[in-house]
Amino acid sequence: MGVGAGAPLFGYAALSIPAAAGLSIGAVYAGVAGKKKQLRDVEVDEVIERLCPVMGIPEATRAVLSVSKWSGGTPGVPGKLTVYYTSAQPLNDDTWFDDICEVFEDQGWGFFALAEHDPNRRRLIFTPAAEPEREPSDSEAVARAKRYVGQLLGPTATVTAIDVDTKTGEVTSMMVRHEIGSKLVSDGYRTRVERAINAMFPGRWRAKWNHHTDEVTFEQRAAFPDSVWLPAPDIDPDVDLLASYDSVEIPYGVDEDGNEVVWRPAIDPNLMLIGPPGSGKTVTAHNLLVNFSRRGWPIWVLDGKYVEFLGFQDWPNVQVVATTIEQQVAMVHRARDLMEYRYQKIVTGEATEADFEPVLVFLDEWAEFRGNVEDWYTSVKPKGGPRQPPVLAMLASMARKARTSRVHLVFGTQRPDAIYFLGDMRDNFAMRISMGRLSPQAATMMWQSPTIGTSVPRKCRGRGTTVTDNYQPLEIQCYRVPDPRKTRDGTPDADLLDRLRPPVTRHPRLLIVPPESLPDIDASDETSEPAPLTYFDYVAADWVLASDRPDLDPVLKRARMNRDTDRRIASPTALLGLLGAPETPTKRPAMADFVDLDTYRRPTLAKNDPAAAAAFLDKLADPAIRTEQSNLDQTRTRLTVVKEAVDDAALSEESDYAFASGDEHEDQYGPVQDVRAADVALGDLLLMEDTDEWVVVDTEPEPDIIEDSLLSLTWRSDTDEVGDLAIPDSSYVSIRKPVQVPELV
Ligand SMILES: Nc1ncnc2c1ncn2[C@@H]1O[C@H](COP(=O)(O)OP(=O)(O)OP(=O)(O)O)[C@@H](O)[C@H]1O
C-alpha cells in the first residue's frame, strides 16, 4: 500500500483549497464499497505524487487534485479530474497541460484533455479525450544524432528540427540552436564541426550557419546524378536576336540540389572551359553549342583537335567548323576583324552595340592549336614577318572587345595555365567551368583556392566546377548531349538530337576557300615556280557560302562515304598498299557523278539570307576596310611582307601571351611515397589499404575533434564515395602528391 489515506501527505499550508472543492482527504470508507474506494485512493495518491512537481508544488498534497465520475470495475478509471494550481507561472509553458495529461495517462487512466479553465478559482478540469497525435519517440539514429550534436556544439545545444529518411531511418537534416556562437566565429572551428558531422553521419553533409540566431542547419547532400541530358524546351526559332540578346540565358548543368546553372553572355561575355582529356569538356562545349544554336545565334568553331566538332559541321546555325590549321588561323583573324569592324563602327558613331547580332566563337583546345600553329608557321612565315604567328597574340584583345562587338568567345583548353590569366584576361573570362578534378595548384589558378574543385570524382564524367551568379565556385553536373557524328538513327540519342535541332537554319553554312598560289610577280622568266603561299595568304582566304562550292564541302564528302571507303580505311595493312589493296587510291569520281547538285540542300531561308551573308563577307573582305582594321592582314598581291607592315605595337602589347608548349600531366600525380600521416596534405591521393583504392584527401588534415590524439583525414573517391580516417599522426600511409606544373606558376 502506498501513502496512507486519510491524512495530508505532507503539510502543505500554502495551498488554500476552496471549501466547495469537496476534497475527501479525510474520508476513509469501510464496508462493501471500502475495498474499491481504497484502491482508488491509492491510485489517486500515486498520481498526486507525480503531479505535484509538474504543478511546481515542492511537497505532495492531496489538495492538488480532485477525482470523480469513476467507472468500469475495480478500481476503474475516473471521468473528471479537477486540478488546482497555486502559481499561474506554468500557464506560459506551452507543454504544461500535456505534461499534466501525461501523468494521468501514465497511471493507466487513459487520455485526457483540458475541458475547462477557471482562472478565478485557479482550477483546471480535465475530461477523457481521444488519443493525441504524438511524435514517435526518438529512433536510435535520432538519439545518436542528438548525442553527437551535444558533443560537438556543447551540452546546451538543442536539436530544434530533424528530418529522417523514412526508408533508411537515417537522419538527413537537422536544425540546431547552440550557445557557442563566439567559438563558431572562427572558420577553423566551423570547419572542424563540419568535418566531424561528415565523419559521424553517412553520406556527404554541409552546414548552413546563421550567426545572428545562433542556429545551424546540417543537411545531407543529395547525390549528383550520373548523367543529365540537355533539356529540350520549346524555344522560338524566329526570336529577334537583337531584342532577345540581353535576356539570353544558356543553361549548361545542375548543382547538387538540381538547380540549373546558366551563362548570361550579355553580363559575362566570354566563357573559359577547362578540362583534361576524358573529363567531359567536349560534351560540355557541344552542350553550349546546341544551346546557342537553338537561340538562333550564328556559331563559328575552331576545333583544335580537328575531329571533336565534325558532327556539328552541318548543324543549323553553325556557320563554320575550321578543321585545318589554315582554316583555323583564317577563322580567328576573321573573327578578330569582325570585332574590330564593329568596334570601329561604334567609335565613328555609325552604330551602337545594340545594332549587332551576337556571334559565338569557339576557340577549343587552344593549347593544341597553339602548338600546331607554331609548327606550321615555320613553313609559311613570310620573309621579314613577325617571329611568332600573329594569331597567338590575339586572344586577350578579342576577349576584351567581346562585350562591345557582341562576338563572344568560348575558350577551351586542358589546363588553366598562368598565361591565360595575365592582365585583364582573368576579368574577361569571369565565367568559367572546370571539368573534372583540379590539382591544388590548378585550383588556385582557376578558383583562387587550393581546395575548390580538387576533390571532384574522376570517374564521374561531366562533373565540374563553375561559378554562381555571385561568382562563388559551385560543383555541378554538366548537361550531356549526344555527338551527332557518333549517333545512330533510331536510337534514343538520335531522338534527343531531333528534339534539340533548331527547326530553322538562320545562318548559312560557310566555307573557307584554300588560297591558290600565284605566279611570282617578281620573277624574271616565265618558267619560274609559283611563289609559295605565306601566312597572310591563308589569313586572307575567301569565305563562300557552302552551297556555292559543293566541291569543297566536307559535309557533302562525308555524305557520300560508302562501305567500300569504310573498308579501305579500316585496314592499316591495306592502307600501306599491301595485301592486294590498291597501292594508289583510285581517282575519285567527280562530285557531279554521284551528287545531284540541284538537290543539294541550300540553307533554309533565314533572316540572314545567303545574299545578305555574301554581302557581309564581301564587306569583311573589302581591302579598304581590312587595311583600316588591321595592318596584320596582307592580301595575296602583297606577297612579300615587310617588317613594318606588321603592327608591332599591337603584338608587343600581348607578347607575354607567347604561349609555352604544354606538357601533358594526364594523371597529375607523382610517384607513390610512404609518409607519416602528419605529412599528408589536402589534394594528395591516399591509398585505402582495405579496398586498395586511391582516394583524394579533400580537406586539410586536422586533429580529430572528438579524439584529438588522432589525426582526421577526410577523403573522396573517384566514384564519389566519402569517408574519414582517424589515425595516429605517426602511422604510415601511401600517398601520391599532385605534380607541380611550371605553366601554372
Ligand atoms: N555531362 C556528361 N554526363 C555524363 N557523361 C558524360 C558527360 N560528358 C561526358 N561524358 C562521358 O565522358 C566521355 C568523354 O567526354 P568528352 O569527350 O567530352 O571528354 P573530353 O574531356 O573532351 O575528353 P577528350 O579531350 O579526350 O575528348 C563521353 O563520351 C561520355 O561518355
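This is a predicted model: local features need pLDDT of at least 70, side-chain atom pairs count only at pLDDT 80 or more; totals for chains, interfaces and linings use all residues.
The axes of helix 7, which spans residues 325–347, and helix 9, which spans residues 395–405, come within 9 Å and cross at roughly 50°. Their crossing is left-handed. On the side of helix 7 the contact is made by V332, A335, R336, M339, E340, R342, Y343 and I346, and these residues meet M398, K401, A402, T404 and S405 of helix 9. Sorted by class, the residues of this contact between helix 7 and helix 9 divide into 7 nonpolar, 2 polar and 4 charged.

Two further helix pairs can be described in the same terms. Helix 1, residues 34–54, packs against helix 2, residues 96–106, at an angle of about 165°, with the two axes 10 Å apart. That angle makes helix 1 roughly antiparallel to helix 2, and helix 1 passes helix 2 in a right-handed crossing. In this contact V47, R50, L51 and V54 of helix 1 meet W96, D99, I100, V103, F104 and D106 of helix 2. The contact of helix 1 with helix 2 has 7 nonpolar and 3 charged residues, with no polar residue among them.

The other pair consists of helix 3, residues 140–153, and helix 4, whose axes come within 11 Å and cross at roughly 155°. Because of that angle, helix 3 is roughly antiparallel to helix 4, and the crossing in which helix 3 passes helix 4 is right-handed. Helix 3 contributes Y148, Q151, L152 and L153 to the contact, while helix 4 contributes Y189, V193, A196, I197 and M200. The residues of this contact divide into 8 nonpolar and 1 polar, with no charged residue.

The table sets out the packing values of these pairs.

| Helix pair | Angle between axes | Distance between axes |
|---|---|---|
| Helix 1 and helix 2 | about 165° | 10 Å apart |
| Helix 3 and helix 4 | roughly 155° | within 11 Å |
| Helix 7 and helix 9 | roughly 50° | within 9 Å |

Helix 4 also takes part in another feature, the largest pocket, where it gives the most to the lining, with 6 residues. The space in the largest pocket amounts to about 1200 Å³. The pocket is lined by 37 residues, of which E194, R204, W205, R221 and D698 are the closest to its centre. At least two residues of the lining are supplied by each of helix 4 (187–200), strand 7 (205–210), strand 19 (473–480), strand 26 (710–717) and strand 27 (722–728). By class, the lining of the largest pocket has 12 nonpolar, 11 polar and 14 charged residues.

T74 and P75 are joined by a cis peptide bond, for which omega is about -5°, and P75 is found in the loop between strand 1 (65–68) and strand 2 (80–84). In the loop between strand 13 (299–303) and strand 14 (318–322) lies N317, whose phi is near 75°, a positive value in a residue other than glycine.

Key. Residues are numbered from 1 along each chain as its sequence is written. Side-chain values use heavy atoms; hydrogens and water are left out. Axes are lines fitted to C-alpha atoms, for helices over the stretch in contact, and angles run from 0 to 180 degrees between N-to-C directions. Helices (H or I, at least four residues) and strands (E, at least two) are DSSP runs, numbered from the N terminus. Angles under 35 degrees count as roughly parallel, over 145 as roughly antiparallel, 65 to 115 as roughly perpendicular and the rest as oblique. A crossing is left-handed if the near helix is turned anticlockwise from the far one by less than a right angle, and right-handed if clockwise. Contact means heavy atoms within 4.5 Å. Ala, Val, Leu, Ile, Met, Phe, Trp, Tyr, Cys and Pro count as nonpolar, Asp, Glu, Lys and Arg as charged, and the others, Gly among them, as polar. On a 1 Å grid over the protein atoms alone, a cavity is a set of points where a 1.4 Å probe fits but cannot get out, and a pocket is an open set with protein on both sides within 12 Å along at least five of seven lines; lining residues have an atom within 4 Å of a point. Grid points are joined across faces, edges and corners, and a volume is the space filled by probe spheres set on the points.
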